[in-house]
Amino acid sequence: MDEQLLRQNLGQDIRIIAAKAIDSTNVEARRIIGSGERGQFVVAASEQSSGIGRMGRQFFSPRGGVYVTAALPSIEISNLPLVTPAAAVAARRAIRDVCGIECGIKWVNDLEVNEKKVCGILAEYHAGFVIVGVGVNLAPDADFPPELTGIAERMLVTTARGMSEKLASLIAKGVIDFASALPRCCFMDEYRAASTVIGREIDIISQSGGCRATALDIDAQGRLLVRDEFGNERALNSGEVSVRRARHGQEGRG
């Protein structure tokens with residue numbers, strides 16, 4: 001990543017750490033906070049060796065992707081559930097503007113094209129900072145591992161010079177702008193409108209088990225409102241469960 005190209009959209013006042021390759025942009029953000037940084041900053045890279053996904057999963061991050069983390073102080077922890085929807089809309093807009101591709105949003109943190117994942121988001125709270133990591137399968141130069149075949153997808157085969165930096169910086173700027181306005185949620189209508197699960201049957205997966213449900217809506221706190229197979233309506237928190245679209249004829253599993 002080229003720092004000067006990143007600054008074209010982020011400006012001169014914010015600290016930027018740009019790297020070709022890194023273990024994890026979120027982990028690097030934690031290290032920087034641990035070293036005493038107190039202002040907001042951005043970490044961006046084109047490759048991660050140890051990318052992190054939700055619930056401790058590995059995030060496949062080969063060279064040719066866009067991996068960017070915005071570290072934001074002074075965000076109330078109570079607003080953390082809204083940060084992921086904000087980042088999803090920021091990433092969706094940036095991908096549309098830079099790549100000309102419209103993405104859907106699979107609750108809570110995946111962007112999709114043709115129901116295949118092209119972008120993932122991880123928001124964490126660490127030492128007074130909200131750390132928001134976004135990874136985009138822009139034009140990875142490695143094949144996806146077998147477990148991701150049919151699930152994840154690359155968006156482009158090749159990229160023009162500066163495209164990665166433009167995408168990373170627009171994502172980071174969007175996250176910063178949305179997060180700074182919280183708890184005002186000017187992005188939630190777009191988040192709902194882009195949903196690929198509302199109105200669909202889904203499988204709810206949690207540590208205590210799983211069940212089939214219908215996704216009804218997303219509320220103002222970013223919770224997924226569902227009606228389960230027993231007719232009960234409830235609100236799902238992103239930190240407690242995962243969801244996947246139900247396949248016809250397949251039983252819901254935990």
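These are my notebook entries on a predicted model.

**Ground rules**

I number residues from 1 along each chain as its sequence is written. Since I am reading a predicted model, local features need pLDDT of at least 70 and side-chain atom pairs count only at pLDDT 80 or more, while totals for chains, interfaces and linings use all residues; side-chain values use heavy atoms, with hydrogens and water left out.

**Entry 1: helix H1**

I started with helix H1, residues 3-10. My helices (H or I, at least four residues) and strands (E, at least two) are DSSP runs, numbered from the N terminus. I looked up which residues of H1 are buried, and found Leu5, Leu6, Arg7 and Leu10. Here buried means under 20% relative accessible area, exposed over 50%, and partly exposed in between, with a 1.4 Å probe and protein chains only. The buried residues of H1 pack against strand E1 (15-19), strand E2 (41-45) and H4; contact means heavy atoms within 4.5 Å.

At the N-terminal end of H1 I found a cap from aspartate 2, with a side-chain oxygen 2.9 Å from the backbone nitrogen of glutamine 4. After H1 comes glycine 11, with a positive phi near 85°.

**Entry 2: threonine 25**

Is threonine 25 buried or exposed? Threonine 25 counts as buried, because its relative accessibility is 3%. I place threonine 25 in helix H2, residues 25-34. Its side chain joins that of threonine 69 in a polar contact of 2.6 Å. (A polar contact is a pair of N or O atoms within 3.5 Å; within protein, one must be able to donate a hydrogen and the other to accept it, and residues adjacent in sequence count only if both atoms are side-chain atoms.) Leaving out residues up to four places away in sequence, threonine 25 touches Val43, Ala44, Ala45, Gln48, Tyr67, Val68 and Thr69.

**Entry 3: a five-stranded sheet**

Next I traced an open sheet of five strands, ordered E11-E10-E9-E8-E12 with antiparallel pairing. Strands E11 (233-236) and E12 (242-245) stand at the edges with a single partner strand each, so one side of each has no neighbour in the sheet. Neighbouring strands of this sheet are turned by 45° against each other on average, direction ignored; the axes are lines fitted to C-alpha atoms, for helices over the stretch in contact, and angles run from 0 to 180 degrees between N-to-C directions.

Two strands pair if DSSP finds at least two bridges between them. Alanine 213 has aspartate 228 in E10 as its bridge partner.

**Entry 4: salt bridges**

How many salt bridges are there? I get 23, where a salt bridge is a side-chain nitrogen of Lys or Arg within 4 Å of a carboxyl oxygen of Asp or Glu.

- Glutamate 190 and arginine 92 meet at 3.2 Å, N to O. This pair links distant parts of the chain, helix H5 (residues 188-193) and helix H3 (residues 80-99), 98 residues apart. Both glutamate 190 and arginine 92 are buried.
- Aspartate 189 and arginine 192 also form a salt bridge, with the closest N and O atoms 3.2 Å apart. They are three residues apart in helix H5, so about one helical turn separates them. Aspartate 189 counts as exposed at 59% relative accessibility, and arginine 192 is partly exposed at 24%. I also noted that salt bridges with shared partners join Arg92, Arg93, Glu102 and Glu190 into one network.
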